[in-house]
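Let's walk through this structure together, one piece at a time. Keep the picture open while you read.

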Amino acid sequence: MSIRLLAVLAYLLPVTALAQSLTPEQINQMIDKQMNDLDPYQELLNNPDPARSLAAMEIMLESGDESLQRMALEYGLLSPNPTVKRIAFETYLKTRPIFSIRFDGGHVKDSSWPSRMRDWNGTLDANGIGYWRIPVGDYHEDKRCFGESSYRPENCFVTVNSDGVFLTPYGMNARAVVTETGALEGVATLDSVDEPVPFSIRLID
């Protein structure tokens with residue numbers, strides 16, 4: 001193959017690759033289509049009739065569609081209306097999510113803190129920040145709470161009432177609130193650990 005032919009091929013190959021890639025116009029069209037597909041759902045959530053808006057949120061949260069669930073959860077948890085926020089959170093719990101609890105144990109001096117995390121099969125970094133993943137179980141109608149789905153499924157894990165969100169899984173007793181950023185935040189009392197430990201749970205990405 002001649003040097004001239006090689007030079008021509010080297011010139012044409014990038015052009016060919018570019019021609020096969022998406023153009024800015026095509027990307028804009030795809031974005032417009034995606035936004036148009038989502039707009040009807042946003043309209044349902046923002047319906048001026050509070051009852052219809054609330055019903056749309058609950059249906060979307062229980063739909064099994066991850067995109068709709070994420071949209072409805074964000075709408076509900078970030079709502080300034082405490083009733084909407086609570087209903088969104090309780091409906092979300094019915095989907096049996098897995099909570100990733102972040103414990104801010106950097107200040108904890110109790111030597112039992114690392115063993116508490118090991119007992120949960122959690123993780124602990126060099127700064128004393130611990131993480132524990134635990135799934136939410138079924139709703140217990142008689143106890144008016146959501147159970148654990150692993151350690152003690154018959155016992156309460158999450159209880160929601162007018163005083164806040166109470167978490168009582170194995171080895172932990174805590175109260176939390178849903179913040180303006182859509183997260184659960186509170187302080188926990190842990191078995192064998194003398195000091196209270198702040199914690200947070202991200203509910204939306």
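Start with helix 3 and helix 5, whose axes come within 9 Å and cross at roughly 20 degrees. That makes helix 3 roughly parallel to helix 5. Before going on, a word on the source: this is a predicted model, in which local features need pLDDT of at least 70, side-chain atom pairs count only at pLDDT 80 or more, and totals for chains, interfaces and linings use all residues. Residues are numbered from 1 along each chain as its sequence is written, and side-chain values use heavy atoms, with hydrogens and water left out.

Now for the words just used. Helices here are DSSP runs of H or I with at least four residues, strands are runs of E with at least two, and both are numbered from the N terminus. Axes are lines fitted to C-alpha atoms, for helices over the stretch in contact, and the angles run from 0 to 180 degrees between N-to-C directions. Angles under 35 degrees count as roughly parallel, over 145 as roughly antiparallel, 65 to 115 as roughly perpendicular, and the rest as oblique.

Who does the touching? Leu54, Met57, Glu58 and Leu61 of helix 3 make the contact with Val84, Ile87, Ala88, Thr91 and Tyr92 of helix 5, where contact means heavy atoms within 4.5 Å. By class, this contact has 7 nonpolar, 1 polar and 1 charged residues. Ala, Val, Leu, Ile, Met, Phe, Trp, Tyr, Cys and Pro count as nonpolar, Asp, Glu, Lys and Arg as charged, and the others, Gly among them, as polar.

Next, look at helix 3 (residues 50-61) with helix 4 (residues 66-77): their axes come within 8 Å and cross at roughly 135 degrees. That makes helix 3 oblique to helix 4. Their crossing is left-handed. On the helix 3 side, Ser53, Met57, Met60 and Leu61 make the contact, and the helix 4 partners include Leu68, Met71 and Tyr75. The residues of this contact divide into 8 nonpolar, 3 polar and no charged.

Helix 4 also packs with helix 5, at an angle of about 145 degrees and with the axes 7 Å apart. This crossing is left-handed. Here Leu73, Tyr75, Gly76 and Leu77 in helix 4 meet Val84, Lys85, Ala88, Phe89 and Tyr92 in helix 5. The contact of helix 4 with helix 5 has 7 nonpolar, 1 polar and 1 charged residues.

Now for the pockets. The largest pocket has a volume of about 340 Å³, and among the residues that line it are Leu61, Leu73, Tyr92 and Arg202. Which helix gives the largest share of that lining? Helix 4 does, with 4 residues. The lining divides into 5 nonpolar, 2 polar and 4 charged residues. A pocket, on a 1 Å grid over the protein atoms alone, is an open set of points where a 1.4 Å probe fits, with protein on both sides within 12 Å along at least five of seven lines; lining residues have an atom within 4 Å of a point. Grid points are joined across faces, edges and corners, and a volume is the space filled by probe spheres set on the points.

The second largest pocket holds about 200 Å³ of space. Of its 13 lining residues, Arg86, Asn161, Gly164, Val165 and Val178 lie nearest its centre. Helix 5 gives the most to this lining, with 4 residues.

How values were computed
A crossing is left-handed if the near helix is turned anticlockwise from the far one by less than a right angle, and right-handed if clockwise.
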